[in-house]
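Please consult the sequence and the coordinates alongside the text.

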Amino acid sequence: MAQHNDLGSEGEKKAVAYLKSKGYTILKTNFRYIKNEVDIIAQFQNQLIAVEVKTRSSRDYGNPQDFVKPQQIKSIVTAVNTYIEQRNIDLEVRFDIIALIAANNTFEIEHIEDAFLPL
C-alpha cells in the first residue's frame, strides 16, 4: 500500500478514536454506495453525523479541510442518503470534517462541525 494510503488509514483510525472519546457512537466506517463513500457515519445525541476525514503530513499545500471539493461533497451526500434510506433512519443529519496533520508520530486533530451543507 502506498505511504499516503497508510497515512489516510491511520488518520481514519485516529478520527474514530477521537469521536468515541467525545461520546459519539460509530455506526459504520467506509460506507460505499457505487462510487460514493463516506468515511465515518456516527450518531451523537439525536443526530446522524457524516464525517469526512482528511489527513496530511503537513500544511505545506494548505489545510486538510480545504481539499474537500464540491464533487466530493455530492458523493458524501449520496452515500449518506443511501445509508439513511437502507436503514429507514429518521434523524437530523450533520456533515463534519475531521482534519489531521501528522507530525513526529502524533496527530493534530481539528473537528469541524457543520462543515458543509448538502449540494
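Lys 28 stands opposite Ile 41 in strand β2. This pair belongs to a predicted model, in which local features need pLDDT of at least 70 and side-chain atom pairs count only at pLDDT 80 or more, while totals for chains, interfaces and linings use all residues. Residues are numbered from 1 along each chain as its sequence is written, and side-chain values use heavy atoms, with hydrogens and water left out.

**Strand pairing**

- Strands β1 (residues 25-33) and β2 (residues 36-44) are antiparallel partners joined by seven bridges; pairing requires that DSSP find at least two bridges between two strands.
- Strands (E, at least two residues) and helices (H or I, at least four) are DSSP runs, numbered from the N terminus.
- Two residues separate β1 from β2 in a hairpin, and Ile 34 in the turn has a positive phi of about 55°.

**Helix α2**

- Helix α2 comprises 18 residues (70-87), which should span 26 Å at 1.5 Å a residue; the end C-alpha atoms are 26 Å apart, in agreement. The expected span is 1.5 Å times one less than the number of residues.
- Buried residues of α2 include Ile 73, Ile 76, Val 80 and Tyr 83, where buried means under 20% relative accessible area, exposed over 50% and partly exposed in between (1.4 Å probe, protein chains only).
- The cover over the buried residues of α2 includes β1, β2, β3 (47-56) and β4 (92-103).

**Arg 59**

- Arg 59 lies in the loop between β3 and α2 and counts as partly exposed because its relative accessibility is 36%.
- Beyond residues up to four places away in sequence, Arg 59 touches Ile 101 and Glu 108; contact means heavy atoms within 4.5 Å.

**Nonpolar cores**

- In the largest nonpolar core, of 16 residues, Val 38, Ile 76, Val 80, Phe 95 and Phe 116 touch the most other members. A nonpolar core is a set of buried Ala, Val, Leu, Ile, Met, Phe, Trp, Tyr and Cys residues joined through side-chain atoms within 4.5 Å.
- Helix α2 supplies the largest share of this core, seven residues.
- Another core, apart from this one, has eleven residues, among them Val 16, Ile 40, Ile 98 and Leu 100.
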